[in-house]
Amino acid sequence: MHRNILVPLDGSKFAEHALPPALGIAQRAGASVRVALIHTPVTGLYGGAELATDPSLDYLVRDSQKEYLIDVLKRLSSVTPVRVTSTLLEGPIADALHEYAVASQIDLIIMATHARGPFSRFWLGSVADRLAGNSDAGLFGIQEFLNHLSGDSAGFVAARERSPAKRGE
């Protein structure tokens, strides 16, 4: 039975598509949901020497991310009785999520994933793949299903669930 569900967010509407399934599972299981956003320092993103000496841009980004998490909590509290908390993490994304999941006894991670092919995953990396390989929590990915003719999003479909018991298979 799931007790602690983690939903990683990145500030996009795409990532928020993982929230409805997470809330549904949490409500049925009596679990809590934790939403997490990972802050990457601006100097880490751009590496410019001029940014390294002026931390004000990084503070603005961090404040904006905190406001986003507050907004998510407000929106969710108006539509669900599920206990939802948020946290702003820092560090490499997959590592920060893994460390938080272990420390918070997360037993299920539900996240939106772009479901890139093998070449893209090799080139760009995949947070979902790294979490699936490192985490003891189950991973439930939500993939975007695109209408290739129009380019519009046609909805979302469950990608996979990977539980610790299935690792050796």
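In strand 2, valine 35 is the bridge partner of valine 7. A word on terms: helices (H or I, at least four residues) and strands (E, at least two) are DSSP runs, numbered from the N terminus. Two strands pair if DSSP finds at least two bridges between them.

Before going on, the ground rules. This is a predicted model, where local features need pLDDT of at least 70, side-chain atom pairs count only at pLDDT 80 or more, and totals for chains, interfaces and linings use all residues. Residues are numbered from 1 along each chain as its sequence is written, and side-chain values use heavy atoms, with hydrogens and water left out.

Now the overview. The protein chain has eight helices and six strands. From the N terminus, the order is β-α-α-β-α-α-α-β-α-β-α-α-β-β. Of its 169 residues, 37% are buried. Buried means under 20% relative accessible area, exposed means over 50%, and partly exposed is in between (1.4 Å probe, protein chains only). Contacts next, meaning heavy atoms within 4.5 Å. Take the contacts with a separation of 6 or more: residues 24 or more positions apart account for 69% of them.

Back to strand 2, residues 32-39. How many of its residues are buried? Eight of the eight, so strand 2 is largely enclosed by the rest of the structure. In a regular strand, side chains alternate between the two faces of the sheet. Here both faces are covered. Ser32, Arg34, Ala36 and Ile38 are buried on one side. Val33, Val35, Leu37 and His39 are buried on the other.

What does strand 2 pair with? Strand 1, residues 4-9, pairs with strand 2 in the parallel sense, over six bridges. Strand 3, residues 84-90, also runs parallel to strand 2, and seven bridges join them. Within that pairing, alanine 36 has threonine 87 as its bridge partner in strand 3.

Look at serine 32 for a moment. Serine 32 sits in strand 2. Its relative accessible area is 11%, so serine 32 is buried. Its side chain makes a polar contact with the side chain of asparagine 4, at 3.2 Å. A polar contact is a pair of N or O atoms within 3.5 Å; within protein, one must be able to donate a hydrogen and the other to accept it, and residues adjacent in sequence count only if both atoms are side-chain atoms. Setting aside neighbours within four places in sequence, serine 32 contacts Arg3, Asn4, Ile5 and Arg83.

Next, the cores. In soluble globular proteins, nonpolar side chains tend to be buried together. A nonpolar core here is a set of buried Ala, Val, Leu, Ile, Met, Phe, Trp, Tyr and Cys residues joined through side-chain atoms within 4.5 Å. The largest one has 23 residues, and Ile5, Val7, Val33 and Val35 have the most contacts inside it. At least two residues of this core come from each of strand 1, helix 2 (19-29), strand 2, helix 5 (56-77) and strand 4 (108-113). Which element gives the most? Helix 2, with five residues. Apart from this core lies another, of 12 residues, including Ala36, Ala96, Leu97 and Ile109.

Stay with helix 2. Its buried residues are Leu19, Ala22, Leu23, Gly24, Ala26 and Ala29. They pack against strand 1, helix 1 (13-16), strand 2, helix 5, strand 3 and strand 4. Just after helix 2, glycine 30 has a positive phi of about 70°.

Last stop, helix 6 and its ends. In the loop between strand 3 and helix 6 (93-103) we find proline 92. Proline 92 is exposed, with a relative accessible area of 53%. Proline 92 and histidine 39 are 53 residues apart along the chain, with 8.8 Å between their C-alpha atoms.

In helix 6 itself, Ala94, Ala96, Leu97, Tyr100 and Ala101 are buried. Seen down the helix axis, they fall within an arc of 165°, so they line one face of helix 6. That arc is taken from the directions from the helix axis to the C-beta atoms. Turned away from that side are the exposed residues Glu99, Val102 and Ala103.

Then comes glutamine 105, in the loop between helix 6 and strand 4. Its phi is near 55°, a positive value in a residue other than glycine. Glutamine 105 counts as exposed, at 62% relative accessibility.
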